[in-house]
Amino acid sequence: MPTFYIEQFGCRATQADGAALEVQLLQRGYTPAAKSAADIVVVNTCTVTAAADAQARDAIRKINAQNHTARVIVTGCYAQRAPEEVAQLPGVTWVVGNSHKPELPGIIENLSVASASKDFVPVVSLKFTSIAPQQPPAQILTGEFERKPLSSSPVFHAEGNHTRPTLKIQDGCDSHCAYCVIPQVRGKSRSLPAESVLQQVNQLCDSGVKEIVLSGINIGTYGRDLRPRITFSELLRRILDETSIERLRVSSIEPMDVTTDLIEFFAANNRMAPHFHMPLQSGVNRILAAMHRWYRAEHYARRANLVREHLPQAAIGADVIAGFPGETDEDHCTTLAFIESLPLTYLHVFSFSKRPGTQAAALANEVPAAVIKNRARELRALGEEKSSAFRNKQIGSQLRVLTLRSANRLANDESSDETAPLDERMPENESGYTPALSSNYLRVRLRGLWPANQWVNVRVRAVEGNDLIGEPQESLGPEVSVRAFA
């Protein structure tokens, strides 16, 4: 059977799509291989910024240079947004948008048959694009999204580095923020039916998984498209009632969906990770209105403070955009002061990037690139201060952590650190420690050699860089309360 490699970019949702494709290919008998040797290379792209587009183009060119014989298939958000542009890149055989991602296994199978028989005729309606001489034209398959429930859910499986699988339960977005291209490239909100969610959670639990991360593009809208309708809060309750999952984490949720009832639900259930990632984008109401965000600064502050009131040790993260058109120096200072006043524990900072087809792309009063860069640097510095303060507050406390990878495996696998998610990476030359993650999203270096996917009670004795240094106290069973050690 042919060999394959999947190059991943972008958010958890995009990565989960790639993980699902990998499982489907493995089930069909395909064999994973190195990128430089694979028969088929799938590039799963992001397009949230111009830099993401450039990164994908660079990766495709490098793949073609390293592996001339590979059939390169480009999919994901960039492929959906600009298929003709992607088709011009060297080595690209197919461009398959998000709208037709479910057809990828069949396309790859037909492509494999064509390679063997040299007599392949596509069975779908295609659009051909003229590209560079000596390269056959890439075949493009994109189109409109069908608004129907998701039929399957991609996950990160619990093998290798991924001890905390991501379960995508929602895709697409019905909001139209002025800067965001996601509704164009992922379609309207679609939800995985609750019974399918429960089935997959139970399957993961049966395989030994202890923590699952629920993800989606706009996860707070989960279930609004289903009949009968179900809310995100109702789904969470059903997961806790009908599965044995020991810790459930929510990846990101819009601030207006963080209701008092939801916060109280988190506070009352030890199995819910005390972690809220709520996109902010700006602390200035005028800018939020221009962005078409459905809240104002005071609304965001109330929710962040309510989380801190009910969950004193919770991680609270935010996304912030630097340099949205019309943002003045005064606006930037106001956002800095607003963030300083909030009980946030980390920031994800994005420099504004004009995305074709969005309303913000046509706005006047663009902020110069050098100014955006400086503002982003100041926001990141503030985020580091917030993170450092939160880490230092943990010294002397006890935390319940989940080991991510054994230190033995880390020491013997030179490539593992580069392929692991950021929260699973370990500093170089730290083979005497085992990486772990606390319920409130803090990275811990646990002294000693521990197997992966195990609960451990640790005493935080120090902070080194971005990590807590934890002394193991005892192993923990699933019945032990997370809050007892917070």
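I looked up Glu-211 and found a polar contact of 2.6 Å between its side chain and that of Arg-247. A polar contact is a pair of N or O atoms within 3.5 Å; within protein, one must be able to donate a hydrogen and the other to accept it, and residues adjacent in sequence count only if both atoms are side-chain atoms. The side chain of Glu-211 also makes a polar contact of 2.9 Å with the side chain of Arg-164.

This is a predicted model, where local features need pLDDT of at least 70 and side-chain atom pairs count only at pLDDT 80 or more, while totals for chains, interfaces and linings use all residues. Residues are numbered from 1 along each chain as its sequence is written, and side-chain values use heavy atoms, with hydrogens and water left out.

Is Glu-211 buried or exposed? I noted Glu-211 as buried because its relative accessibility is 0%; buried means under 20% relative accessible area, exposed over 50%, partly exposed in between (1.4 Å probe, protein chains only).

I then listed what Glu-211 touches, not counting residues up to four places away in sequence: Thr-163, Arg-164, Pro-165, Ile-245, Arg-247, Arg-249 and Leu-402. Contact here means heavy atoms within 4.5 Å.

I also checked helix α13, residues 369-392. Its 24 residues reach 35 Å from first C-alpha to last, close to the 34 Å expected at 1.5 Å a residue; the expected span is 1.5 Å times one less than the number of residues. Helices are DSSP runs (H or I, at least four residues), numbered from the N terminus. Among the buried residues of α13 I noted Arg-375, Lys-386 and Arg-391.

Methods:
Helix = DSSP H or I, 4+ residues; strand = E, 2+ residues; numbered from the N terminus.
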